[in-house]
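Below are some questions and answers for reading a protein model.

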Amino acid sequence: VRSPHVTSFLVGASKMSYYGAAVGSCLAWTNLYLVLHILNGHVSREFTNRLVTVVHGAVISGVSAAAAISEGLCLAECAQSSSPLHNTIIIVSLGYFVFDFLWCLYTKSEESRVMLAHHVITIIAFLYVLRQGIYGCETVAVVAISELTNPLLQLRWYLKYYGKHRGIVAILVDWTFALAFWFLRLVLGTVLLVNFVQKTQSNLLAKAFGTAFYTISAIFSIQIAQYIIAHQYGKHWTFKHEPVHK
């Protein structure tokens, strides 16, 4: 039988391995960015960064959605132990958000304060989940609904980059993105948040993280609506100040 000290040491070592894996994940995303930028040296740094964002959004949303379907959305119970798949998804995504946050600071990009706050809260929440060893199921569900629309968002950016944002394809992409975003974040997101907050097993800090994510999603939804309305009435919104997050 293991002594309490040995068990505590093993648990601590396991958590440290998570943090080490997160550092490795960040380095992997950074290397992907560098490779893509070398291969496409004629494009801007933001162009390359958004390619990395497309890869992250497509891969992590697909895997997260599969995990949510196979392991459930935690509607019946919450605060269960995180599975190895949950931790893997969180570590991979944590590495990406650290990379992207540092990239924004290094390049002095024009991301909004809301977006930077989103990244900071995400990083802290992911570290908290890894530290606690619970809420993996809930976190992966949030990642799934948050990242599913990201490839569409980047497609909008590239259409505008190449001057193709005035045609029927751009309109379809805009509305598909907006409707999907509103449904996933405001409808499904509301169901998940209300269910989570009502559960007695979830602690106050975890509920605060969930509420913060939902609040940021609501702000993004308002910005998207403002963009759609302005675009419909023919007002000019510069590419620099487009009110939609990365």
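Q: Which residue forms a salt bridge with R156?
A: The model is a predicted one. Side chains of opposite charge can pair when their charged atoms come close. A salt bridge needs a nitrogen of Lys or Arg within 4 Å of a carboxyl oxygen of Asp or Glu. The closest N and O atoms of this pair are 2.5 Å apart, and the partner of R156 is D174.

Q: How many residues apart are R156 and D174?
A: R156 belongs to helix α6, whereas D174 belongs to helix α7. The pair therefore links distant parts of the chain, and the separation is 18 residues.

Q: What distance separates the C-alpha atoms of D174 and Y227?
A: D174 sits in helix α7. Along the chain, D174 and Y227 are 53 residues apart. Their C-alpha atoms are separated by 9.9 Å.

Q: Which helix holds both E46 and R50?
A: The side chains of E46 and R50 meet in a salt bridge, at 3.0 Å from N to O. The two residues are four residues apart, about one turn of the helix. Both lie in residues 45-71, which is helix α2.

Q: Which residue makes a polar contact with the side chain of Q154?
A: Q154 lies in helix α6, residues 150-161. Its relative accessible area is 0%, so Q154 is buried. Its side chain makes a polar contact at 2.8 Å with the side chain of N150.

Q: How many aromatic pairs are found in the whole structure?
A: Rings pair if their centres lie within 6.5 Å. A search of the whole structure on this basis gives 16 aromatic pairs.

Q: Is the pair of W29 and Y96 stacked or edge-to-face?
A: The ring centres of W29 and Y96 are 5.7 Å apart, and the angle between the planes is 75°. Planes over 60 degrees apart count as edge-to-face, so this aromatic pair is edge-to-face.

Q: Which helices do W29 and Y96 link?
A: W29 and Y96 are 67 residues apart, and their pair links distant parts of the chain. W29 is in residues 4-39 and Y96 in residues 84-107, so the helices are α1 and α3.

Q: What kind of aromatic pair do Y128 and Y135 form?
A: Both Y128 and Y135 are buried. Their ring centres are 6.4 Å apart, with 20° between the planes. Planes under 30 degrees apart count as stacked, so the pair is stacked.

Q: Is L172 buried or exposed?
A: L172 is found in helix α7, residues 168-198. It is one of the residues of a nonpolar surface patch with about 570 Å² of accessible area together. Its own relative accessible area is 51%, and over 50% counts as exposed, so L172 is exposed.

Methods:
Residues are numbered from 1 along each chain as its sequence is written. This is a predicted model: local features need pLDDT of at least 70, side-chain atom pairs count only at pLDDT 80 or more; totals for chains, interfaces and linings use all residues. Side-chain values use heavy atoms; hydrogens and water are left out. Patches are made of residues with over 30% relative accessible area and no salt bridge: like charges are joined within 9 Å, nonpolar side chains (Val, Leu, Ile, Met, Phe, Trp, Tyr) within 5 Å. Accessible areas come from the Shrake-Rupley method with a 1.4 Å probe; for residues, only the protein chains shown count as cover. Buried means under 20% relative accessible area, exposed over 50%, partly exposed in between (1.4 Å probe, protein chains only). A polar contact is a pair of N or O atoms within 3.5 Å; within protein, one must be able to donate a hydrogen and the other to accept it, and residues adjacent in sequence count only if both atoms are side-chain atoms. Rings of Phe, Tyr and Trp (its six-membered ring) pair if their centres lie within 6.5 Å; planes under 30 degrees apart count as stacked, over 60 as edge-to-face and the rest as tilted.
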